[in-house]
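User: Please examine the model shown below and answer a series of questions on its pockets, its interface and its fold.

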Amino acid sequence: MNSQLIVSPLALLLALILVVIALAINLKEALGMTQDLIVGVVRAVIQLTVVGFVLTYIIKVNTVWLTLAMVAIIIFNAAWNAKKRAGTIPDAFVTSLLAVTTATGLTLIMLVSVRAIRFIPAQIVPISGMIASNVMVATGLAYRSLNTEFTDLRPQVLERLALGANLKQASQKLIVNAIKTGMAPTIDSAKTVGLVSLPGMMSGLIFAGIDPTKAIMYQIMVTFMLLGATSLGSFIAVYRSYPRFYNDQKQLR
Amino acid sequence: MNAFELHHMTFAPTKTAILNDINLDIPWGIDLTIAGHSGSGKSTLLRLLATLLTPTSGTILYNGKPQSDYDPILYRREVSYCAQQPALFGATVADDLRFPFTIRNTEMPREQAEAALESVDLAKTMLDAPTQNLSGGERQRVALLRHLFFPPKVLLLDEVTTGLDPDTKAVIHNLLDRQNKKGITLVSVTHDESELHMAKNLMTLVDGQFEEVTLA
């Protein structure tokens, strides 16, 4: 069974034809994404190669501090990338770090304490990556929603302030929309899981020869943990960010 | 004592001042109209009085104390700013009228809302109407009512009758007269010359300066 999982260098090279197809479409339609495509492919190859060796080492030595260090790096990178979507929102990195750390940390603690996973690098590191990347996307979308709505709905917010609303009351609709936007991909994915897509973890287990009826147990766990983590991450990011659209005099910036 | 006292008040967010070195007293209980062309700084003045903006220099005293001495939320419940093109943010008229009650953690009595609608010549059945179907005049009346359920001490009115038909203008003027008689100070701005003959106290604002003052 394991031999079926090995992708030979030749097979990888042939799979590169798919990238060539993407490049050809890009050139024919003048999409202007040639550089992005090439950079994306090169980065993916380098990053995954490095991570492959690092993970091999971490799994081999199997120490708590190295596992936690790897989780910290994942969280830092997720927060850094989420912050890039925040535009001019002040303190977005600290907010993102808080959101990703809390959501990832609490979910990991929960999963380990109910023995859904074990505290070993082979399980902790991939699960952390899965949670942190989803929280990163959720917070990034929530930031984008806040930025858009504080511009588009400025007259409404101003009107609420003029009526004597506090900042939370003036921003309530925008807060709700931002959290919903952040959670939307996870909820959509939860609704269509198994019908449209066989997600990564389940596919990986099936690839590895695990009985699909057992693989779904893990996927259900992943669905639960992602729903919890993205809602927590969006909640923290939005509630820490919306007051930053106002100044000390409780005026819109 | 005056409601507002402006001392050398300037508002210059860029190098060009929108309002420059304004000195002005606005007494309690007055019905004041400030006229001026578009861009003369009228709306900015109202937003400064409402603490939605802060002067770049000089001071605005409200009831003898600097605006900064007040909690902005409580201040804005006393000094209420009505925009020229009010944003209605509820799905229905009832949702919009409920907002002043919601922010004070109280329930809106339906009868009070229906009576308020009738007081501005709107049918009480309009309470459940979707706000997106309202005409400009209906929107403006609903928006004004939101400011009156918990009567403020000062109403700042930013061209609230501009673009409305004469009948609707008359209804709104009537409503505002009643508020003034109850003791609410009114400060209105307009660039509509047809409104000026109705002004009880008139000032003109030109290029950030009061040029002519005809206070009663």
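**Pocket, interface and fold**

By class, 13 nonpolar, five polar and two charged residues make up the lining of the largest pocket. The model is a predicted one.

User: Which residues that line the largest pocket are the closest to its centre?
Analyst: The largest pocket holds about 580 Å³ of space. Its lining counts 20 residues. The closest to the centre are A:Gln47, A:Val51, A:Ile74, A:Asn77 and A:Asn81.

User: Which helix gives the largest share of the lining of the largest pocket?
Analyst: Helices α2 (34–61), α3 (64–84) and α5 (121–152) of chain A each supply at least two residues of this lining. The largest share amounts to eight residues, and its source is α3(A).

User: What is the C-alpha separation of A:Phe93 and A:Asn81?
Analyst: A:Phe93 lies in helix α4 (residues 92–113) of chain A. Leaving aside residues up to four places away in sequence, A:Phe93 touches A:Phe76, A:Ala79, A:Trp80 and A:Lys83. A:Asn81, one of the residues closest to the centre of the largest pocket, is 12 residues from A:Phe93 along the chain. The C-alpha atoms of A:Phe93 and A:Asn81 are separated by 8.8 Å.

User: What area is buried between chain A and chain B, and what percentage of it do carbon and sulfur atoms give?
Analyst: In this interface, 15 residues of chain A are in contact with 22 residues of chain B. The area buried between the two chains is about 1700 Å², and the part given by carbon and sulfur atoms is 59%.

User: Which three residues supply more of the area that chain A buries against chain B than any other three?
Analyst: The three in question supply 36% of the area that chain A buries against chain B. They are A:Glu159, A:Ala162 and A:Leu163.

User: Which helix gives the largest share of the side of chain A that touches chain B?
Analyst: Between chain A and chain B, nine residue pairs are in polar contact, counting pairs with both residues at pLDDT 80 or more. On the side of chain A that touches chain B, seven residues come from one helix, the largest share. That helix is α6 (residues 154–162) of chain A.

User: How do the residues of the side of chain A that touches chain B divide by class?
Analyst: The classes are nonpolar, polar and charged. The division is six nonpolar, six polar and three charged.

User: Which residue of chain A lines the largest cavity?
Analyst: A search of the whole structure finds one cavity of 30 Å³ or more, and the largest cavity holds about 60 Å³ of space. By class, its lining has six nonpolar, two polar and four charged residues. Among them are B:Arg146, B:His147 and B:Phe149 from chain B. From chain A comes A:Leu163.

Note on methods: Residues numbered from 1 in each chain as written. Chains lettered and ligands numbered in written order. Predicted model: local features only at pLDDT ≥ 70, side-chain atom pairs only at ≥ 80, totals over all residues. Heavy atoms only, no water. Contact = heavy atoms within 4.5 Å. Buried area = accessible area lost by both parts, 1.4 Å probe. Polar contact = N/O pair within 3.5 Å; in protein donor to acceptor, adjacent residues only side chain to side chain. Helix = DSSP H or I, 4+ residues; strand = E, 2+ residues; numbered from the N terminus. Nonpolar A, V, L, I, M, F, W, Y, C, P; charged D, E, K, R; others polar. 1 Å grid on protein atoms, 1.4 Å probe; cavity = no way out; pocket = protein on both sides within 12 Å on 5 of 7 lines; lining within 4 Å. Points joined across faces, edges and corners; volume = space filled by probe spheres on them.
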